[in-house]
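Visitor: I would like a close look at a single part of this model. Please take me through the aromatic contacts and what surrounds them.

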Amino acid sequence: MAGVAHLVGPNAIIQTLAAAGERVMDGGVGEIMRAAHLVTPDDGWRDMVPVGNVNALNRAVLKQFGDAEAAAIMRDAGRRTGRYILENRIPKLAQFALHLMPRRVAVRLLLTAIAKNAWTFAGLAKVEVGADWIAIHNNPVCLGRSGYRGCLWHEAVFETLFASIIGERAYVRETHCIGRGDTFCRFEISFS
């Protein structure tokens, strides 16, 4: 999709700023926003946002905080995004019904819903799902490309959704990452 601007949901910015904001003194978020060349729009980022802005913010967080703290911020931002989705995007009745289903069926239905709504976290990238995995081809928000060890935000979003809806301890780990030279970012889901 060369030359086409990817747009993703605003939580990729909103929740990252919220997570970073808890770790800086007054004015620190403004410094991060300036470093990422972000300006708060009047609508508070209610519309889809350019991937370039998200990636600039992710690089600014890494530069400001260093590896370990930036990784913690990305995980926190992912959990916050997952909670936002649970509170605002997936109807409570659907969550309840999925929770009552056999795990295999519930996981399959949740993966299908994630794939149908992939534009919110992957822009125009191709997203595939299997029985227990999600793959994002040419992931436009690959944290590995921004200097992180991998896509921690995606891991945390998916893990929050699966743990909350399925009702068991879910683990999501990235097994392939574009930032490490793979052709896609792949996230595998397991339960304990």
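Are Phe 158 and Phe 187 buried or exposed?

Guide: Both Phe 158 and Phe 187 are buried. Keep in mind that this is a predicted model.

Start with the whole structure. A search of it finds two aromatic pairs. One joins Phe 121 and Phe 158, edge-to-face, at 5.4 Å centre to centre with 80° between the planes. Phe 121 lies in helix 7 (residues 119-122) and Phe 158 in helix 8 (residues 152-166), so this pair ties together parts 37 residues apart in sequence. Phe 121 and Phe 158 are both buried.

Now the pair you asked about. The ring centres of Phe 158 and Phe 187 are 5.4 Å apart and their planes stand at 70°; because planes over 60 degrees apart count as edge-to-face, this pair is edge-to-face. It links distant parts of the chain: Phe 158 sits in helix 8 and Phe 187 in strand 6 (residues 184-191), 29 residues apart. Phe 121, Phe 158 and Phe 187 form one aromatic cluster.

Follow strand 6 next. Strand 4 (residues 133-137) pairs with strand 6 in the antiparallel sense, over five bridges. There, Trp 133 stands opposite Glu 188 of strand 6. Strand 5 (residues 170-176) also runs antiparallel to strand 6, and six bridges join them. His 176 stands opposite Arg 186 of strand 6.

One more ring contact deserves a stop. The charged end of Arg 169 sits over the ring of Tyr 171, 4.7 Å from the ring centre.

Terms used
Residues numbered from 1 in each chain as written. Predicted model: local features only at pLDDT ≥ 70, side-chain atom pairs only at ≥ 80, totals over all residues. Heavy atoms only, no water. Phe/Tyr/Trp six-rings, centres within 6.5 Å; stacked < 30°, edge-to-face > 60°. Helix = DSSP H or I, 4+ residues; strand = E, 2+ residues; numbered from the N terminus. Buried < 20%, exposed > 50% of the residue type's maximum accessible area, 1.4 Å probe, protein only. Lys NZ or Arg CZ within 6 Å of the ring centre and 35° of its normal. Pairing = 2+ DSSP bridges.
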